[in-house]
Structures are given as C-alpha cells and as structure tokens.
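Here are my notes on the model you sent over. Have the structure open while you read, and take the points in order.

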Amino acid sequence: MAYSDKVLDHYNNPRNVGSLDKKDPSVGTGLVGAPECGDVMKLQIKVNADTGIIEDAKFKTFGCGSAIASSSLATEMLKGKTVEEALAIKNTELVNELSLPPVKIHCSVLAEDAIKAAIQDYKAKAETPAPAATA
Amino acid sequence: MNELNILGEPAGGEHHHCWRCGHDPAPEPAEPLSLFCQFCNTLQPPVPDYYAFFNLPRELALDLAELQRKFYALSRLLHPDRYTRAAERERKYSLEATAILNDGYRVLRDPVERAEYVLKEAGFDLGEQRSRDVPPELLEEVFELNMALDELKSGDQSAVPQLVESRASFQQMLGEIDGELAGQFRRHDHSEAREARHTILEQIRKILNRRRYIRNLVSEVDRQLTAHGA
C-alpha cells in the first residue's frame, strides 16, 4: 500500500518529536496504544495557565508511518489552540489532511485518543494543586 | 423450509432427511444431529459449526482428551480412502467433512483460537479494538520497552539487559493472562443465561486483546535480540 506524500513527509520529517517534563503541572501527557498493531503513542501538551493556549506539543510514536504522521500532524494542529479548541479536533481532520486509506483510519483515531488523554491529564493536574514541595 | 439446490441438497447446511434413504431424525428429538444417517449409515452433508460437528457442548473449557478421542474416531470414519467406491456425493461429503474435522480440531484444541471462534460465532467483531482495552500501567511499560528497542536498533548494546528483563516480565504476564482466561472460560461454561454469557465473552475479548498485544511484544523483543546477536 502506498503512503500519500503528506504521510511520507511527516514520516521522514516528523514535527515536534521529543518529550516534555511530565511532572510539570502545565504539561499534560497522553499515552495510548492500539492492541491490533502494537502501536504506542505518547503525546504531550504544554499549556499557558493564564491564556489556556497550548504553547508547545511533543510526541513520540512507535508504530507505522500513518501512526507517526497522524501524531506529528496532531502536534502541529495543537500548537496555538486553546484547550477547548483542541478537544474539538476530530480524527476525520487528520484522515482528510493525510489522505489516509480506510485501513489506516485507526491510526488517526489513536491520535485523537492521545490528544484527549493529554488534555484530560492536564485538566486533572490543574484541579489538584501541585504539592508544595515541587517549588 | 427445506429449499433444495441443484444437487438436491438442503440449503443452509441443516439436514433433516437423509439424502439417500429419506430417514427423518426430526421426530426423535433425542437423536443428535449426526454425520451419518442413523438408519442407513450414509454420510450426510457435514455441518460447518465445529462444536456441532464434534457433537460437543458449546463450552470454552473443553475436555481436550475427549476432543482428541473424538478427532481420532472421526478421522477413521471420515477418511476419504473409505469412500473410494462410494457414491460421488458421499465422496464429496467425506472430503468436506475431513476438511472441517481438521480445521475444527486445530481451532478447538487451542484455547485462544477456540475462544476467538466462539466470539466470532457470537457476532463479535474481532478486528475492532480500542486503546482503552490496554491498561495504562501496561502502556508505560510498553513505551519504555520500545525506547530500549530503539536503542538496540541503533546499535546500543547497553539496552540488552533491560530488554531481557522486560521480556521475562511480559512472559510472566502472559502466564497470568492465561490463568485469567481459564477462569473466565469456566465462568462462561457455568452461565446459562445468554446475556450473562455475552458479558463474559466481552471480558474474554478484552483479555485476548491484551494477550495478543503482549505476545506481539515478546516476539518483537525476541526478533531484535536475535538480530543484534544478544
């Protein structure tokens, strides 16, 4: 099966690969995996607490080209969005942008799950104040 | 509803009358659906359902000795060599029945394949799996494992001890999962109600997903360790 040019571009030059400090209260981490293909995807966001805007996003994905491209594109889309806007990102946007074939749609679903998981983690941290000892 | 196709066989695989002598076992409900006509002993169109074929209860914790005994007995009865002088139709049935016999035995004797078969027959879509079936603690471990695999692939042998350790821990997990499966199999077999069985089958599907996930990891670690001479 041939990958689209956009998938190849993200696969060969993945954007925002790396990690953020997951102990940082402004960082939300989403870790998801797909049992059927063994993919595992870590996606992190760094949120400005005052503006609610996602200032940075990083990912590290072990998996096929489509999974890497989906998460790479997701981090690009996340930057500059508010947390609420980010929650509205749908996997179909990734599918369309990357021209993913039907058999690879689950990769985009995984990326959407990762975004949601990262936001959920960030929100959970924001509700429970960080322990004083971290200062 | 006994629609017949061109060969005069009942559609849908169900047979009520013997195709040769016309004997109808239906009025005797105690008579099990049989491979052979009870009256003239002619081979009947085989049923494709493995449990029905082996005349076994639809249980997940199967008695493997019983299954093997039936397999050997049926192998002898159905062997195509016995039908070289039989009618063409009976020869055809013996070939079909032998194929079902072998496939069925292969599937039913393996606990994972057996469970997947029962799930599929109960209408579960085995392809549809979501990340929530994998517990978060496991994902952490999987992520770390993949990091170590990456190091090994880039030629860093220092990841080897960690990989060997992870493999052992995942193999232990597989053992625990198999124990968990066996427990759910027994629960399934003891549940009479359809809904209860369905709920247990859902649990089993999740366990199988987790099992497949971990088994793939173990083989990947094996493959990489071998490829890098560790």
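1. Chain A first. The accessible surface of chain A comes to about 6300 Å², and carbon and sulfur atoms hold 55% of that. Areas here are from the Shrake-Rupley method with a 1.4 Å probe, and for residues only the protein chains shown count as cover. Of the 135 residues in chain A, 49% count as buried; buried means under 20% relative accessible area, exposed means over 50%, and partly exposed is in between (1.4 Å probe, protein chains only).

2. A word on ground rules. This is a predicted model, so local features need pLDDT of at least 70 and side-chain atom pairs count only at pLDDT 80 or more, while totals for chains, interfaces and linings use all residues. Residues are numbered from 1 along each chain as its sequence is written, chains are lettered from A and ligands numbered from 1 in the order in which they are written, and side-chain values use heavy atoms, with hydrogens and water left out.

3. How is chain A put together? Chain A has five helices and three strands, running α-β-β-β-α-α-α-α from the N terminus. Helices (H or I, at least four residues) and strands (E, at least two) are DSSP runs, numbered from the N terminus. Among chain A contacts between residues at least 6 apart in sequence, 64% join residues at least 24 apart; contact means heavy atoms within 4.5 Å.

4. Take a look at A:Val27, which sits in strand 1 (residues 27-34) of chain A. Buried or exposed? A:Val27 counts as buried because its relative accessibility is 1%. Setting aside neighbours within four places in sequence, A:Val27 has contacts with A:Leu20, A:Asp21, A:Lys22, A:Gln44, A:Ile45, A:Lys46, A:Asp121 and A:Lys125. A:Val27 and A:Ala126 are 99 residues apart in sequence, yet their C-alpha atoms are 9.6 Å apart in space.

5. Helix 2 of chain A (residues 65-78) has 14 residues and should span 20 Å at 1.5 Å a residue, which agrees with the 20 Å between its end C-alpha atoms. The expected span is 1.5 Å times one less than the number of residues. This helix is mostly covered, with 13 of its 14 residues buried. Just after helix 2 of chain A comes A:Gly80, with a positive phi of about 90 degrees.

6. Another backbone spot to check in chain A is A:Ser99: its phi is positive, about 50 degrees, although it is not a glycine. A:Ser99 lies in the loop between helix 4 (91-98) and helix 5 (105-127) of chain A.

7. On to chain B, which has seven helices and zero strands. Of its 230 residues, 40% are buried. Chain B exposes about 13000 Å², with carbon and sulfur atoms supplying 51% of it. For contacts in chain B with a separation of 6 or more, residues 24 or more positions apart account for 64%.

8. B:Asn55 lies in the loop between helix 1 and helix 2 of chain B. Its phi is near 55 degrees, a positive value in a residue other than glycine. B:Asn55 counts as partly exposed because its relative accessibility is 45%.

9. Helix 3 of chain B (residues 88-109) passes the length check too: its 22 residues should span 32 Å at 1.5 Å a residue, and its end C-alpha atoms are 32 Å apart. Its buried residues include B:Tyr93, B:Ala97, B:Ile100, B:Leu101, B:Gly104 and B:Leu108. An α-helix has 3.6 residues a turn, so residues three or four places apart point the same way. What covers the buried residues of helix 3 of chain B includes helix 1 (50-54), helix 2 (64-78) and helix 4 (111-121) of chain B.

10. B:Glu121 lies in helix 4 of chain B and counts as partly exposed because its relative accessibility is 45%. Which residues does B:Glu121 touch, not counting those up to four places away in sequence? They are B:Asp49 and B:Arg58. B:Glu121 and B:Asp49 are 72 residues apart in sequence and 8.9 Å apart in space, C-alpha to C-alpha.
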